[in-house]
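I opened this notebook to keep track of what I looked up. The entries follow the order in which I went through the topics.

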Amino acid sequence: MTPAISKFVFVMLAIGWYLIRYEYARRARRTPVKRSDRGTLETALLLISLTGLGLLPLVYVVTGFPHFADYALHPVQAWLGLFVAIAALVMFQLTHRALGRNWSVSLDVREGHQLVTDGIYRKVRHPMYSAFWLWAVAQALLLPNWVAGFSGIVGFGILFFGRVTREEGMMLETFGDRYREYMTRT
Ligand code: SAH
């Protein structure tokens, strides 16, 4: 696999991701939000993550910037990247299907919010974040550039570790013992 093809695979991952999200996001937004824990920190974390997973790799794919950070792509690395990219898309689709209208891009509880413990959520507490980790790993494998390849792991890592405890706190306040018990199983 050449660098041109591996970059193309990354673009396909991004397009597939967008197509999956578009429809689910449209439906979820129709359900009003009852409580939101969004704030300046959440906005900053989202921007950092978007820069690492989207903006920097996009600039690299389109312009080749930053050239100084390029290295030679190993074919095995690129094939692994394709494999992880497919896994990321499958996982992402499964999580959106299971979460349905309870999904939100940030920390929100919707009207009639259901605690989802089925499907992919049966064993994994944060499968959508796992899908984002897979994207970040696919990005690192597919883009042979130290900056544009690894910015996803750094950017999403900051969002993940900055958010997950607060999200679990919000779930505990909303669902109490049901979520506490769910945490012991996942
Ligand atoms: N952390 C989850 C969900 C990410 S989407 C995952 O990685 O799969 C973020 C929103 O999902 C939050 O606003 C929260 O309200 C909601 N959420 C998180 N876990 C949930 C669950 N098990 N059931 C229902 N909603 C959940």
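Before the first entry I need one cut-off: a residue counts as buried when its relative accessible area is under 20%. I also note that a salt bridge is a side-chain nitrogen of Lys or Arg within 4 Å of a carboxyl oxygen of Asp or Glu. The model is predicted, and I read every entry below with that in mind.

**Entry: R21**

I looked up R21, which sits in helix α1, residues 3–29. I then listed what R21 touches, leaving out residues up to four places away in sequence: F92, H96, W103, V105, M128 and F132.

R26 has 38% relative accessibility and so counts as partly exposed. E23 is partly exposed too, with a relative accessible area of 27%. I also found that a network of salt bridges links E23, R26 and R27.

**Entry: other salt bridges**

How many salt bridges does the count come to? I noted 11. One of them joins D37 to R35, with the closest N and O atoms 2.8 Å apart. D37 is partly exposed at 26% relative accessibility, and R35 is partly exposed at 26%.

I next checked E168 and R125, whose side chains meet in a salt bridge of 3.0 Å, N to O. This pair links distant parts of the chain, 43 residues apart: E168 is in helix α5, and R125 is in the loop between β2 (108–110) and α4.

**Entry: α5 and α6**

For helix α5 (residues 146–175) and helix α6 (residues 177–185), the axes come within 6 Å and cross at roughly 130°. The two helices are therefore oblique to each other. Which residues make the contact? From α5 I listed E168, M171, L172 and F175, and from α6 D177, R178, Y179, R180 and M183. Sorted by class, this contact of α5 with α6 has five nonpolar residues, four charged residues and no polar ones.

**Entry: N145**

Last I looked up N145, in the loop between α4 (127–142) and α5. Is N145 buried or exposed? Its relative accessible area is 0%, so N145 is buried. Setting aside neighbours within four places in sequence, I found N145 in contact with Y60, P66, A69, D70, Y71 and F150. I also checked N145 against G112: they are 33 residues apart in sequence and 45 Å apart in space, C-alpha to C-alpha.

Definitions and conventions. Residues numbered from 1 in each chain as written. Predicted model: local features only at pLDDT ≥ 70, side-chain atom pairs only at ≥ 80, totals over all residues. Heavy atoms only, no water. Axes fitted to C-alpha atoms, helices over the stretch in contact; angles between N-to-C directions. Helix = DSSP H or I, 4+ residues; strand = E, 2+ residues; numbered from the N terminus. Parallel < 35°, antiparallel > 145°, perpendicular 65-115°, else oblique. Contact = heavy atoms within 4.5 Å. Nonpolar A, V, L, I, M, F, W, Y, C, P; charged D, E, K, R; others polar. Buried < 20%, exposed > 50% of the residue type's maximum accessible area, 1.4 Å probe, protein only.
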